[in-house]
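I opened the model to look up a few residues and then the whole chain. These are my notes, in the order in which I made them.

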Amino acid sequence: MTDILERAAHKVLDDGEGLSYDELVEVLRLPDDRVPELLELAHAVRLKHCGPEVEIEGIISLKTGGCPEDCHFCSQSGQFTSPVRSVWLDIPQLVRAAQETAATGASEFCIVAAVRGPDERLMSQVRDGIKAIQEAVDINVACSLGMLTQQQVDDLAAMGVHRYNHNLEAARSYFTHVVTTHTWEERWATCEMVREAGMELCCGGLVGMGESLEQRAELAAQLAELDPHEVPLNFLNPRPGTPFGDLPLMGSADALRTIAAFRLAMPRTILRYAGGRELTLGDLGTRDGLLGGINAVIVGNYLTTLGRDADEDLALLSDLKMPIKELAKTL
């Protein structure tokens with residue numbers, strides 16, 4: 001049998017077809033001394049099938065903390081002892097954050113709420129917030145509000161929501177080790193409704209939660225089947241007071257293999273750096289990932305953790321001569 005990277009070059013780079021689950025397992029089993037070769041292939045795939053541009057996004061939490069779900073990695077769950085208090089933002093704060101995000105060159109601003117799914121109060125505030133943002137700043141608005149009903153999907157589409165984020169979080173076979181208060185199938189159903197309503201679907205996951213290498217490949221293959229427009233890739237940042245608070249950080253070589261594997265599974269997808277990259281990869285690894293398949297970045301802080309300074313990310317992109325994607329006029 002030919003080498004996995006040779007086969008991947010023909011299948012993904014030449015033909016634009018993503019790797020299968022079994023092939024992804026082979027990629028994730030490559031030794032450390034072959035990681036540079038793997039990253040080089042993933043970068044070539046990104047350039048050929050996505051182009052050189054990098055998409056920048058900022059996020060803000062409209063409702064922080066007090067979530068009823070028990071996602072074991074999340075400090076916003078009301079079931080754990082994490083030191084995150086429940087907070088609601090008002091509309092002027094949302095608008096100000098959107099303006100600050102746009103000033104970085106970002107093309108997307110995502111409103112996030114720590115909920116199982118939105119109630120009428122939250123939907124009303126999102127509606128008012130989107131209207132105020134659209135009147136004040138030229139930026140695409142995305143939302144991440146948990147699991148949705150069909151009516152809520154239709155309402156968000158009518159509000160002008162450009163993209164909806166709802167992560168699978170983990171492979172189907174590992175999901176019950178991560179969440180017990182809702183099912184993987186419920187998440188999948190929301191993602192399908194979003195895509196069918198015409199909004200762009202943002203759906204990714206979190207690695208480094210104790211899953212096996214094979215389950216990382218499984219997650220990548222399941223995301224490829226779902227075919228989202230964008231995949232945010234998070235690395236566990238263990239939070240005090242959560243069930244995963246004592247897990248070790250994922251090794252940087254494993255993280256880079258994972259980035260490349262996700263790119264080779266989904267050659268045309270926006271693959272976005274999300275939470276945890278600062279600790280897992282550091283500055284050098286962050287650069288390596290941008291040269292190994294990543295083509296989008298969340299700038300600034302995350303929902304409950306600090307990110308890299310936006311200016312540092314922008315300077316890195318400039319140093320790598322990676323152009324920032326211009327604002328898409330889709331609203």
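Predicted model: local features only at pLDDT ≥ 70, side-chain atom pairs only at ≥ 80, totals over all residues.

**Entry 1**

I began with Cys110, which lies in strand S3, residues 108-113. Residues are numbered from 1 along each chain as its sequence is written, and side-chain values use heavy atoms, with hydrogens and water left out.

Is Cys110 buried or exposed? I found a relative accessible area of 5%, so Cys110 is buried. Buried means under 20% relative accessible area, exposed means over 50%, and partly exposed is in between, with a 1.4 Å probe and protein chains only. I then listed what Cys110 touches, leaving out residues up to four places away in sequence: Glu57, Gly58, Ile59, Ile60, Ala142, Cys143 and Ser144. Contact means heavy atoms within 4.5 Å.

Next I looked up Cys202, which I found in strand S6, residues 200-202. Cys202 is buried, at 5% relative accessibility. Apart from neighbours within four places in sequence, Cys202 is in contact with Arg163, Tyr164, Asn165, His166, Asn167, Glu230 and Pro232.

I checked the record: an unreviewed UniProt entry has the annotation "binding site" on Cys110, Cys202 and Arg272. These residues span 163 residues in sequence, yet no two of their C-alpha atoms are more than 13.5 Å apart, so they gather at one spot. UniProt positions are given in the numbering used here, feature names are shortened, and annotations may be inferred rather than shown by experiment.

**Entry 2: a second annotated set**

The unreviewed UniProt entry also places "binding site" at Cys67, Cys71 and Cys74. I located Cys67 in the loop between strand S1 (55-64) and strand S2 (87-88). Cys74 is in the loop between S1 and S2 as well. Cys67 has a relative accessible area of 10%, so I put it down as buried. Cys74 has 22% relative accessibility and therefore counts as partly exposed.

**Entry 3: two loop residues**

Where is Glu169? I found Glu169 in the loop between strand S5 (163-165) and H7. Glu169 is buried, at 10% relative accessibility. Its contacts, leaving aside neighbours within four places in sequence, are Phe73, Phe175, Arg187, Gly204, Gly205, Leu206, Met209 and Leu219.

Ala197 lies in the loop between helix H7 (184-196) and S6. I noted a relative accessible area of 30%, so Ala197 is partly exposed. With neighbours within four places in sequence left out, Ala197 is in contact with Val153 and Ala157. I also looked up the separation of Ala197 and Gln125: they are 72 residues apart along the chain, and their C-alpha atoms are separated by 21 Å.

**Entry 4: positive phi**

Most residues other than glycine have a negative phi. I noted Asp227, which is not a glycine but has a positive phi of about 60°. Asp227 lies in the loop between helix H8 (213-226) and strand S8 (230-235), and is exposed, with a relative accessible area of 51%.

Lys321 is not a glycine either, and has a positive phi of about 55°. I found Lys321 in the segment after helix H11 (310-319). Lys321 is exposed, with a relative accessible area of 72%.

**Entry 5: the whole chain**

How many helices and strands are in the protein chain? I counted 11 helices and 10 strands. The C-alpha atoms fill a box of roughly 60 × 40 × 35 Å, taken along the principal axes. A compact globule of 331 residues would have a radius of gyration near 20 Å, and the 19 Å of the protein chain agrees with that. The radius is taken over C-alpha atoms, and the globule rule is 2.2 Å times the number of residues to the power 0.38.

Of the 331 residues, 59% count as buried. Among contacts between residues at least 6 apart in sequence, 77% join residues at least 24 apart.

Technical notes: Helix = DSSP H or I, 4+ residues; strand = E, 2+ residues; numbered from the N terminus.
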